[in-house]
Amino acid sequence: MSKLEYWNDKWEIEELVRNAGFKSWTILRPTWVMENLAQPAAQFMFPELKKEQIYTVLNAETHLDMVAAEDVGAFGRAALEDPIGFNGKNIDLAGDSITMNEVAFHLSHFLGKKIKSVSLLPSEALSQGLHPSVVNSQAYRNKVGFQVDIEKLKEYGIPLTKFESWARKNISNIDVE
C-alpha cells in the first residue's frame, strides 16, 4: 500500500462515519503513540533500542507530535459521556511535540543508560532492518508531519501527557540490555 493509499483510506473511513446518519459522531485522530517505544511495539518499531540506540528516519530537527494511549482513551470516554458536546468534531490528538534526540534524552535519564538517537536515510534504515512501513511513516513526518494545536486541545479540560511523564511512568516497559 502506498502512502497516498493509506491516507486516502483513512479519509474514506472518516467520510463513512460522517455521512452514516449517526445521531452523533466524533473522530479522534491520534498522532504517533508514545507506546511505540515500549514493548511489544518497540521490538517492531525500534529494534535497536535494546542496544541503546534509536534508529530513525526522522531528521534531528523534526518534531514528532505524540500522544499517550491513555489520553486517547480519555478523549474517547469524554466523547461517549458527552456525545452532544463532542458531536461533529474531528480531533487531532497529541500531548507533546519533541525531537527523537529529546526522546533519547528522557529515556537515558530514566533508564540510567545513554540512549542515542541515530538519524538515517531511508535506504540506510531499510538496510538496517527497519520495516518499510516504519521508514515510510517517518519519512512522511519529515515532509508533512502533524500540525496539532496542543494548546487548543487543553480547552477540552482533559489532561494531556508530556513524553517525560509518560517515560517516567512506563520505563519498566522499555527494554534495553
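A residue is called buried when its relative accessible area is under 20%, and exposed when that value is over 50%. The model under discussion is a predicted one.

By this criterion, helix H3 buries Asp71, Val72, Phe75, Gly76, Ala78 and Ala79. These residues lie on the same side of H3, because the arc they cover around the axis is only 160°. An α-helix has 3.6 residues a turn, so residues three or four places apart point the same way. On the face of H3 turned away from the buried side are the exposed residues Glu70, Arg77, Leu80 and Glu81. The partners of the buried residues of H3 are strands E1 (26-30), E4 (64-67) and E5 (89-93), together with helices H4 (83-86) and H8 (150-153). Helix H3 itself comprises 13 residues, 69-81, and spans 18 Å from its first C-alpha to its last, close to the 18 Å expected.

The crossing of H5 past H9 is right-handed. Helix H5 contributes Val103, His106, Leu107 and Phe110 to the contact, while H9 contributes Phe163, Glu164, Ala167 and Arg168. Of the residues in this contact, five are nonpolar, one is polar and two are charged.

Beyond its neighbours within four places in sequence, alanine 167 is in contact with Leu107 and Phe110.

Definitions and conventions:
Residues are numbered from 1 along each chain as its sequence is written. This is a predicted model: local features need pLDDT of at least 70, side-chain atom pairs count only at pLDDT 80 or more; totals for chains, interfaces and linings use all residues. Side-chain values use heavy atoms; hydrogens and water are left out. Helices (H or I, at least four residues) and strands (E, at least two) are DSSP runs, numbered from the N terminus. The expected span of a helix is 1.5 Å times one less than its number of residues. Buried means under 20% relative accessible area, exposed over 50%, partly exposed in between (1.4 Å probe, protein chains only). The arc is that of the directions from the helix axis to the C-beta atoms. Contact means heavy atoms within 4.5 Å. A crossing is left-handed if the near helix is turned anticlockwise from the far one by less than a right angle, and right-handed if clockwise. Ala, Val, Leu, Ile, Met, Phe, Trp, Tyr, Cys and Pro count as nonpolar, Asp, Glu, Lys and Arg as charged, and the others, Gly among them, as polar.
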